[in-house]
Amino acid sequence: MPDTTLANTILEVAVPSPLRQHFDYLAPGQSPVGGWQPGLRVRVPFGRREIVGVVLGSKGHSELPSRQLKRAIDCPDPQPVLPADLLQLILRAADYYHHPLGDALSTALPTLLRKGEDAAIKGESWWRLTASGNQTDPDELKRAPKQAQLLKLLAAHPDGLARDAINEQLNNPSATLRALRDKQLVEEHQHLPLLTGSAGTAPSLHAEQQAAVDVICRGLGQFQCSLLDGVTGSGKTEVYLRAIQQCLARNQQVLMLVPEIGLTPQLIQRFQQRCPATIAVLHSGLSERDRLNAWLAARDGSAQIVIGTRSAVFVPLANPGLFIVDEEHDTSLKQQDGFRYHGRDLLVLRAQQSKVPIVLGSATPSLESLNNARQGRYQHLRLTERAGNAAPPKMALLDVRALPMDEGLSSRLQQQMRQHLDKHGQVLLFLNRRGFAPTLICHECGWVAECSRCDVHFTLHQQQHHLRCHHCDAQRPIPHQCPGCGSSDLRPIGTGTERIEQALKRLFPDVSQVRIDRDSTRNKGELDKRLALAESGEARLLLGTQMLAKGHHFPNVTLVAILDVDQGLFSADFRASERMAQLIVQVAGRAGRAERAGEVVIQTHHPDHPLLLQLAGHGYAAFARDLLAEREATQLPPFSYMALLRAEATHAGEPEQFLEQAHALADRIGLDVQLWGPVAAPMPRRAGRFRAQLGLIANERQALQRLLRELVPAIAALKAARKVRWSIDVDPVDTY
Ligand code: ADP
Ligand code: ZN
Ligand code: ZN
């Protein structure tokens, strides 16, 4: 007799879809050994497709008539692929950010698991040169050109190359690989994305560092949140490393989040030199297999330290002991599309849930975290002095009004650069604008080259010979004549990094330089190469955008110049001045990190601006105090709680109509939430779509959450919602 109870078990399944509900399925015939636990994957029919969903629960009967119930196909897992604590975290995150659970789950799962792959570590087949392969000159293999080619390819990849990657470069390499292996020039190895570190020598801690380490380590084994507020170069990383060692000594794992740009080879090397442990690094360049292997190694505990960008907050850990968020103020910790979660905030939640201490580190803490520290929710750990012999850099405003300027470089700045170069210092110039010039204008009639799909000017890129839109990536050839009046007098207005580079070559022809921005580092390996030139001191003039601003250690930089600060002073976004100050301080922090004192010069047309004066004269802490007072007076976050409902559509007016209806719904629900808008987005058109937004702001987090809980499903059911693309952003970090 068939087991009717089993055959009639109903599974509640979350499937990857924008629908805000889960689905009931009949359990497949074969049930896993441990029963239908939450966190198991099941393959289910969905529409005409077959997809992988996640079991949320099981029950005896469904509200749906049994005719409508479909049967799940099978279950690829003997045990839940998502441990209970992680599933819990994702459920809470989807709830807090009001995002469809199925989609949140698929953001959290490695791609291969989403595709139904076994949750088992499988090393990839990689190939590398042997010692004698390394000493062989490929030209010796002239008569076997394919072998020579392969030898050259592997020589360019000292860590080896995946078989898949070799296949991409060489047609049918099997025989060639075999031939070279028989000559013992190459070997195959099983590749895992794990690094092994060792215990190197550590400097003795200075008093503030020791105090910070003590507080953090006293918290091991319980929840505690510390804000490690330490000026650039004060030794925050050293504090992390000490706390990590104590965590490892308890046989517990460490999870550290870093901003996208913070995952530098320098940082990884430092961890490898100091932590006798297995380290998994999760970055965007990993293959899908590597990502899954790293995820599984963290889950089974074999990766003792996990370092990754924001999505690593969803990496399962067998035995978590310590969480760290480096550069906790960095906006890349917040996902800006799809599932809009904040990696830092979720990690704090996870720390609470797992009862482990968490450290948020920054030289320029976010106002949110500073406020939490002030309220006593976080321990405020301060490192006020630079480690070693390094002195803090001197910051000065340079009034460029009426000074002669050459492509954005004032005469005074040029003199200072010369002085520092003469004394063998390196000079770093910061300009957060890539390309040659942000505007191309006709001098006869005033026509300006604009992107036809966005409300912005095209940026002129001279090296790539085109105009490019920095928002939708559209490209056009550079016109020779004005489309308005036919004149050929078209002039680039304003300055980008390419233009400065040209000026530097003219003004400092004898000085080696390197430019680091998204354009100059587009090719693989180029960023590392350029950073190495900057670090070694081979390049004396360093020029770049924010890629150059963060995390790097350039010991010989003695002068940092911020070329144009004025664009950051006047913006519609209430967070613009906070961001500007953070960027300035981070860039300034590259100066004088070793024995030689550093100087920071900020070129401005507004030397009397109160925020600039406060920052340059009294530092970030004083600046942040003023800004917090301002936010409190105006009841802006962190003194209130915000969500942004965004909408975009190809027809003008449709986003506003939709948002008006949302506004009316919110009014009907009532509750204590103010509504701002609908208004056009700061950039009203982007990639051909019209954009508008509605702000929701409340004095209590709970009031906002209660409203959203009712409002979001009601919005999703609106007819107008089908005409627009809409999204809800809780705690937005920018209001674009
Ligand atoms: P941060 O992370 O705050 O920018 P780091 O930890 O990178 O600072 O430290 C800056 C520099 O000072 C590094 O070269 C580091 O090796 C060195 N350093 C850190 N702590 C000490 C210490 N206690 N004594 C001597 N040097 C130190
Ligand atoms: Zn013209
Ligand atoms: Zn565009």
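Modeller: In the largest nonpolar core, which has 121 residues, Leu-82, Phe-658 and Leu-696 touch the most other members. Helix H19 (residues 610-634) gives the largest share of this core, eight residues. This is a predicted model, where local features need pLDDT of at least 70, side-chain atom pairs count only at pLDDT 80 or more, and totals for chains, interfaces and linings use all residues. Residues are numbered from 1 along each chain as its sequence is written, and side-chain values use heavy atoms, leaving out hydrogens and water.

Biologist: What is a nonpolar core?

Modeller: A set of buried Ala, Val, Leu, Ile, Met, Phe, Trp, Tyr and Cys residues joined through side-chain atoms within 4.5 Å; buried means under 20% relative accessible area (1.4 Å probe, protein chains only).

Biologist: Which residues of helix H17 are buried?

Modeller: Helices are DSSP runs of H or I with at least four residues, and strands are E runs of at least two, numbered from the N terminus. In H17 (residues 526-536), Glu-526, Leu-531 and Ala-534 are buried. They line one face of the helix, because they fall within an arc of 125 degrees seen down its axis (taken from the directions from the axis to the C-beta atoms).

Biologist: What do the buried residues of H17 pack against?

Modeller: Strands E20 (426-430), E26 (513-516) and E27 (541-544), with contact meaning heavy atoms within 4.5 Å. After H17 comes Gly-537, with a positive phi near 90 degrees.

Notes:
Chains are lettered from A and ligands numbered from 1 in the order in which they are written. Buried means under 20% relative accessible area, exposed over 50%, partly exposed in between (1.4 Å probe, protein chains only).
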